[in-house]
Amino acid sequence: MTPDEYVEAVLTLVERIPPGRAMSYGAVADALAERSGRASARLVGSIMARHGGGVPWHRVVNAAGRLPPGHEREARARLRAEGCPLRGDRVDLAAAAWSPEEGM
DNA sequence: CTCTTGACAGAGT
DNA sequence: AACTCTGCCAAGA
């Protein structure tokens, strides 16, 4: 799998996350690990930073439910609008966590 | 090729 | 609970 294909795979998966739900960068990397052969939360983060426009990037947060630096306002607003379970300024991953298996 | 840099994660303080 | 330190792995300089 080429790097470009990996980027596509990440974006495709992120698009499949339903409104009001969320995934951590690590969870995304993990879900793609089977198919891509590698799992790196950092890599997913970088990809979202560079190619994240165009997909519901706000539904991808870090493992602690923290929103991406610099986009916290935007993300919080969108998540709130979608009814995503929030705990202060963090996503309640325990309640919002989604996996590809669930959405097919 | 080496060194630094991250929308990260997990353990330690 | 907030911070720091380490491991991680691919991109850029």
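How do the residues of the surface near DNA strand B divide into nonpolar, polar and charged? Here are some notes on this predicted model, starting with the overall fold and coming to that question at point 6.

1. **The fold of chain A.** Chain A contains five helices and four strands. Followed along the sequence, these elements come in the order α-β-α-α-β-α-β-β-α. The radius of gyration of chain A is 13 Å, close to the 13 Å from the globule rule for 104 residues, so the chain is as compact as a globular protein of that length.

2. **Burial and contacts overall.** Of the 104 residues in chain A, 31% count as buried. Taking the contacts in chain A with a separation of 6 or more, 59% join residues 24 or more positions apart.

3. **H1 against H3.** A helix pair to look at is H1 (residues 3-16) with H3 (residues 41-51): their axes are 10 Å apart and the packing angle is about 80 degrees. That angle makes H1 roughly perpendicular to H3. On the H1 side the meeting residues are Val7, Val10 and Leu11, and on the H3 side they are Val44, Ile47 and His51. By class, this contact of H1 with H3 has five nonpolar residues, one polar and no charged.

4. His51 counts as partly exposed because 16 other C-beta atoms lie within 10 Å, and a residue needs 20 or more to be buried. Leaving out residues up to four places away in sequence, His51 touches Val7 and Leu11. Glu8 is 43 residues away from His51 in sequence, yet their C-alpha atoms are 9.3 Å apart in space.

5. **H2 against H3.** The axes of H2 and H3 come within 8 Å of each other and cross at roughly 105 degrees. The two helices are therefore roughly perpendicular to each other. H2 contributes Tyr25, Gly26, Val28 and Ala29 to the contact, while H3 contributes Ala41, Leu43, Val44 and Gly45. The contact of H2 with H3 has six nonpolar and two polar residues, and no charged ones.

6. **The surface near DNA strand B.** Now for the opening question: the residues of this surface divide into nine nonpolar, seven polar and one charged. There are 17 residues around DNA strand B, and those that come nearest are Gly26, Gly45, Ala49, Asn62 and Pro68. H2 and H3 are the elements that give two or more residues to this surface. H3 gives the most, with seven residues.

7. **The surface near DNA strand C.** Around DNA strand C the residues are Pro3, Arg38, Ser40, Arg42 and Leu43. By class, this surface has two nonpolar residues, one polar and two charged. Leu43 is also worth noting from point 5, as one of the H3 residues in the contact with H2.

8. **The buried side of H2.** Which residues of H2 are buried? They are Tyr25, Ala27, Val28, Ala29, Ala31 and Leu32. The elements covering these buried residues include H1, strand S1 (23-24), H3 and strand S2 (60-61).

9. Asp30 sits in helix H2 (residues 25-36). Asp30 has 16 C-beta neighbours inside 10 Å, so it counts as partly exposed. Ala41 is eleven residues from Asp30 along the chain, and their C-alpha atoms are separated by 8.1 Å.

10. Setting aside neighbours within four places in sequence, Ala33 is in contact with Arg38 and Ala39. Arg38 is also among the residues around DNA strand C. The C-alpha atoms of Ala33 and Leu13, which are 20 residues apart along the chain, are separated by 12 Å. Just after H2 comes a backbone detail to check on your screen: Gly37 takes a positive phi of about 90 degrees.

Note on methods. Residues are numbered from 1 along each chain as its sequence is written. Chains are lettered from A and ligands numbered from 1 in the order in which they are written. This is a predicted model: local features need pLDDT of at least 70, side-chain atom pairs count only at pLDDT 80 or more; totals for chains, interfaces and linings use all residues. A residue is near a molecule or strand if its C-beta atom, placed from the backbone, lies within 6 Å of it. Ala, Val, Leu, Ile, Met, Phe, Trp, Tyr, Cys and Pro count as nonpolar, Asp, Glu, Lys and Arg as charged, and the others, Gly among them, as polar. The radius of gyration is taken over C-alpha atoms; the globule rule is 2.2 Å times the number of residues to the power 0.38. A residue is buried if 20 or more other C-beta atoms lie within 10 Å of its own, exposed if 12 or fewer, and partly exposed in between; C-beta atoms are placed from the backbone. Two residues are in contact if their C-beta atoms, placed from the backbone, lie within 7 Å. Axes are lines fitted to C-alpha atoms, for helices over the stretch in contact, and angles run from 0 to 180 degrees between N-to-C directions. Angles under 35 degrees count as roughly parallel, over 145 as roughly antiparallel, 65 to 115 as roughly perpendicular and the rest as oblique.
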